[in-house]
Amino acid sequence: MKYTTFNQQPVDTMKESMFFGMPVNVARYDQQRHPIFEKLIEKQISFFWRPEEVDVSKDRVDFLKLTEAEKHIFTSNLKYQTLLDSIQGRSPNIAFLPIISIPELETWVETWSFFETIHSRSYTHILRNLFSDPSEVFDDIVLNTEIQKRATDISKYYDDLIFHTQLYQTHGIGTHLVDGKTYNVNIRLLKEKLFLCMNSVNALEAVRFYVSFACTFAFAERELMEGNSKIIRLIARDENIHLSSTQHILNLWAKGKDDPEMAEIAKEKEGEAKEIFLLAVEQEKQWANYLFRDGSMLGLNEEILCQYVEYIANQRMSAIGLGKPFEVSSNPLPWMNNYLVSDNVQVAPQETEISSYLVGQIDSEVDSEDFQEFEL
Amino acid sequence: MIIDDKKPKICVNADTWFAYNGEDNLLIALEKQNIDVHFHCREGFCGACRTKLIKGNVNYVIDPLAFIDDDEVLVCCCVPTGDIELKTY
C-alpha cells in the first residue's frame with residue numbers, strides 16, 4: 001500500500017492497530033486507542049531541557065586532571081553515546097512513521113525522536129567545551145571498530161524494516177527483484193521484521209546506555225565532570241521514558257491488546273527477541289572491557305560494571321516477559337540510583353547552578369513577631 | 001508484633017508484616033522497613049519498582065506511566081486503600 005501523508009479515506013482510529021493499518025489522517029487526540037502514548041508525550045514534554053542550560057565549563061579543568069586511562073573512558077563513552085543518539089534521532093521516525101496507523105503513537109514517535117536530537121546536540125555542547133577541535137572525536141565514531149561493531153547490530157534491524165517497508169509501499173505484496181536480488185514481501189513478514197526491530201530498539205534503550213551512564217556517574221561521585229553528569233542525568237531520565245514506550249508496545253502485542261497477528265508473532269519469535277537482548281548485554285560487557293583496557297577508574301572496574309549490566313538486564317527483560325537470565329539479584333552499584341531519581345534532576349539556576357542565586361533569596365517565613373514594630 | 005487494627009496492614013513476601021502509617025507512598029513505606037525494592041525514577045515512569053500485588057487494592061497518587069501487568073503495582077506512586085499483600089521481584 002502506497003504511503004500517503006493525508007489519507008483521504010475516513011478512518012476510525014479506535015479500530016486501527018498500532019502498525020500496518022490505514023495511514024493516519026487527522027492528528028486528533030480526543031479519542032485514543034492506546035491513551036498511554038498521549039500520557040508519555042505529556043510527560044516527555046514536561047521534561048524539556050536545553051543543553052546550553054547546563055554549565056559544563058568547569059569540566060575542562062577536571063578533564064585535564066584525568067589520567068590517560070580515564071580520558072579514554074570518558075571520550076569513548078561520549079563517542080558511543082553520540083552514535084546511539086545519532087541513530088535514535090532519526091530511525092524511529094523513518095522506520096515507524098510510514099507504518100503507524102494511530103495518531104497518538106505517531107506523535108509519540110516524533111516527540112521521542114526530537115528528544116534524541118536534543119541529546120545529540122548536548123554531546124556537541126560537551127565536546128566543544130573539552131576540545132578546541134572536537135572533529136577528531138566525531139570522526140572516530142565512524143572509524144573506531146569497537147563502535148562499528150555495535151552500530152552494525154543496532155542499525156541492521158531498522159535498515160531491514162525500512163527497506164522492506166519501502167518495497168511494500170512502492171511495489172506492494174509479492175516477489176520483487178532489486179539489484180539482482182529477489183525479495184519476498186508480505187504483511188506477515190513485515191510484521192515479523194517490525195517485531196524484531198522493536199525488540200532491538202527496546203534492548204538499546206534498556207541496556208546499551210547503562211555502561212556509559214555508570215562511568216559518567218562514577219566520575220560525578222568523585223566530584224569530577226559534574227556538568228557532563230548533569231546532562232547525562234537528563235538524558236537518562238528521557239531514555240527511561242523511551243524505554244517505557246517500547247515496553248508498552250511489546251506488551252500490548254504480547255498480551256493480545258493490539259493486533260492479534262502480532263500476539264502470534266510475539267510468541268513465535270520470543271527466542272529471537274531474547275537473543276537480541278542477550279547480544280546487547282554481551283556487547284555492553286565487551287564495551288566495558290574496551291573502556292578499561294588502559295586501566296580502570298576509581299570506584300569502578302570491569303567486573304562490577306558487567307554485574308550492573310546483568311542486574312539491569314534482569315529487570316528490563318522480566319518487564320517484557322523474557323525472564324531473568326542472570327544470577328545477580330541486588331544492585332551492585334547502589335549509588336547509581338541517586339542519579340536516576342527523577343526528582344534529583346534540576347537545571348534551573350535558582351535551583352542548583354548558581355549558589356549566589358539562593359543567598360539573596362527572599363525569606364518567605366513570616367511570623368507574628370515580624371509585625372511587632374508595626375503600628376496602625 | 002502488635003499491629004494497630006485501624007491502620008491498613010501490609011504483608012510483604014509472605015513473611016513481613018507492618019502497619020501502614022497513612023502518609024508515605026508504598027516505596028517509602030517499604031524502605032522504612034528495610035525491604036529491598038528496586039527503584040529509579042520514583043515518579044511512575046521507569047517501572048523499576050514493579051511489584052506483585054497479591055491481595056488488596058491501591059490508589060495512585062501519580063498516574064503510573066510504566067508498563068505493569070494487571071496483578072502488578074508501581075510502589076513509588078501508590079498508597080494502599082486497605083490491607084494488602086505484596087511480593088517483591
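**Where the chains meet**

Mentor: Let's begin with one pair: the side chains of A:Lys43 and B:Glu43 meet in a salt bridge, at 2.7 Å from N to O. A salt bridge here is a side-chain nitrogen of Lys or Arg within 4 Å of a carboxyl oxygen of Asp or Glu. Between chain B and chain A the count is four salt bridges.

Before going on, some ground rules. This is a predicted model, where local features need pLDDT of at least 70 and side-chain atom pairs count only at pLDDT 80 or more, while totals for chains, interfaces and linings use all residues. Residues are numbered from 1 along each chain as its sequence is written, chains are lettered from A and ligands numbered from 1 in the order in which they are written, and side-chain values use heavy atoms, with hydrogens and water left out.

Now step back to the whole interface. On the chain B side, 18 residues are in contact (heavy atoms within 4.5 Å) with 28 residues of chain A. The size of an interface is often given as the accessible area lost when the parts come together. For chain B and chain A, the buried area is about 2,000 Å², and carbon and sulfur atoms give 53% of it. That area is taken with a 1.4 Å probe and summed over both parts.

The structure holds six cavities of 30 Å³ or more. Picture a 1 Å grid over the protein atoms alone: a cavity is a set of points where a 1.4 Å probe fits but cannot get out, and lining residues have an atom within 4 Å of a point. Points are joined across faces, edges and corners, and the volume is the space filled by probe spheres set on them.

The largest cavity has about 140 Å³ of space. It is lined by 14 residues, and the closest to its centre are A:Gln315, A:Ala319, B:Gly47, B:Ala48 and B:Arg50. Helix H9 (226-254) and helix H12 (302-319) of chain A are the elements that give two or more residues to this lining. Helices here are DSSP runs (H or I, at least four residues), numbered from the N terminus. H12(A) gives the largest share, four residues. By class, the lining of the largest cavity has six nonpolar, five polar and three charged residues. Ala counts as nonpolar, Arg as charged, and Gly as polar.

Definitions and conventions: On a 1 Å grid over the protein atoms alone, a cavity is a set of points where a 1.4 Å probe fits but cannot get out, and a pocket is an open set with protein on both sides within 12 Å along at least five of seven lines; lining residues have an atom within 4 Å of a point. Buried area is the accessible area (1.4 Å probe) that two parts lose on being put together, summed over both.
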